[in-house]
Amino acid sequence: MQFSKFGEKFIKNSGILQLMDDLGNALNSEQPINMLGGGNPARIDTVNQTYWSVFKTLAKGDMGSMAIENIGNYSTPQGDAKFIAALVDFFNRHYNWGLTTDNIALTNGSQNAFFYLFNLFGGQFDDTTQGSIDKKILLPLAPEYVGYADAHVDGQHFIAVPPSIEFVQHQGEDGFFKYRVDFDTLENLAELHNGEIGAICCSRPTNPTGNVLTDDEMARLEAIAKRFDIPLIIDNAYGMPFPNIIYSQATLNWNEQIILCFSLSKIGLPGVRTGIVVANPQVVKAISSLNAIVNLAPTRFGAAIATPLLQDDRLKDLSDNHIRPFYQGQAKLAVQLLKQELGDLPSPYNNAMKIHKPEGAIFLWVWFKDLPITTVELYERLKAKGTLIIPSEHFFVGVDTENFKHAHECIRLSIAQDDDTLKKGIATIGEVVRAVYANQ
Ligand code: PLP
């Protein structure tokens, strides 16, 4: 049997597919596993109790009439109308953006939205002056979310700018760094000036690093987007106002140049596969048209759960008072454990471990400077000892990592696990990394 070029592209063994398979298989193995590898959100009791109480309300009435009304009918391709109305009201109430229902479309998870957006704004374009032109999605700062990497139907159309690295303090302590957008390189990119960029995209907070681009960086990105008349796509999967896993000072803006993507996944509902796109009506129409062809209509169960929680601001309260504090606590614990294990390595590597300043999301990004092996090899050694992390090179989407040492020296670890798993996992990381530096 022969597959089309499209088929061949999507079934080929990408690095990340192999890695995800590895993670899944490891989870099914007999050996106990310290799972610091995945992107699954934590189960937080108070949050789950709230979902359970909405769920019970939906199931009431004649044969659970509210739930059946919702899941027994397709929505329009734009998505569940009640949920969209509740979102419009919620965003206008909290941010005064002046949205109407023409500004919001729903998708089956935000991953689904990125597939649409990257193919709408990246790939072959007809240009009246230049004929056909190949446009790319510009990632202003790599490392970025690995789930973007293979989203184009044909080829890969990303270009990314490696970060500037600034050594910073975190809560009065040394041993941290923060990535900054290298605007000198970005603003002088030939592709930007030649009309070869179709959109700019960044996640904020960023998966994998927990970096939060500053308001100033966002304003500069928006100015570039306006100047070249391309959309600025902001992936808000971990951002404000839900799940609001963000600890630094940041504001959220929207206007017609910006495409804001939200998700219900990191509030603890990844299985309902609900993504939310806030954009100008032309983009919303394009997403609805794609939905009709690819999905007929987006799923509605997440909409049923989230609508009442938006209407009375319970979702905001859960995010501010339960979800964010949970992850902030886990980030603090993980930093403490890492510093205990690796804060003081023997010379000449004394200060070799640096942690990206934890500003949000559900991960820590740890840099082992001058590590004698790549973190892909480190990943294998840790896996053999029952601890899973993700090595850094996969996250440098759009960057040639061959001669970029830093891209092979970092790991991402999830902090969504319970204290015991964090303790055991980080103890193993400490043991293995110490041995690697000692050349064992
Ligand atoms: N964007 C980022 C930064 C993510 O980390 C993820 C998932 O891990 C997604 C988007 C996609 O999430 P979902 O499709 O579950 O909304």
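Contact here means heavy atoms within 4.5 Å. With that in hand, let's work through some exercises together. The model is a predicted one, where local features need pLDDT of at least 70 and side-chain atom pairs count only at pLDDT 80 or more, while totals for chains, interfaces and linings use all residues. Residues are numbered from 1 along each chain as its sequence is written, and side-chain values use heavy atoms, with hydrogens and water left out.

**Exercise 1.** Find which residues I429 touches, leaving out those up to four places away in sequence.

*Solution.* Step one: the partners of I429 are L36, L342, F368, L382, T387, I389, I411 and L413.

**Exercise 2.** Work out how the chain is divided into domains and how many residues of each are in contact.

*Solution.* Step one: domain 1 covers 12-41 + 318-437 and domain 2 covers 73-312, with bounds from an automatic or database domain assignment. Step two: their centres, taken over C-alpha atoms, lie 25 Å apart. Step three: 38 residues of domain 1 meet 46 residues of domain 2 in contact.

**Exercise 3.** Describe what lines the largest pocket.

*Solution.* A pocket is an open set of points on a 1 Å grid over the protein atoms alone, where a 1.4 Å probe fits, with protein on both sides within 12 Å along at least five of seven lines; lining residues have an atom within 4 Å of a point. Step two: count. The lining has 47 residues, and M20, G39, N40, Y145 and K266 lie nearest the centre. Step three: sort by class, giving 23 nonpolar, 15 polar and nine charged. Here Ala, Val, Leu, Ile, Met, Phe, Trp, Tyr, Cys and Pro count as nonpolar, Asp, Glu, Lys and Arg as charged, and the others, Gly among them, as polar. Step four: look for the domains; each of domain 1 and domain 2 gives at least three residues to this lining.

**Exercise 4.** Name the residues nearest the centre of the second largest pocket.

*Solution.* Step one: its lining has 20 residues. Step two: F121, G198, D229, I230 and P231 lie nearest the centre. Step three: the classes are eleven nonpolar, five polar and four charged.
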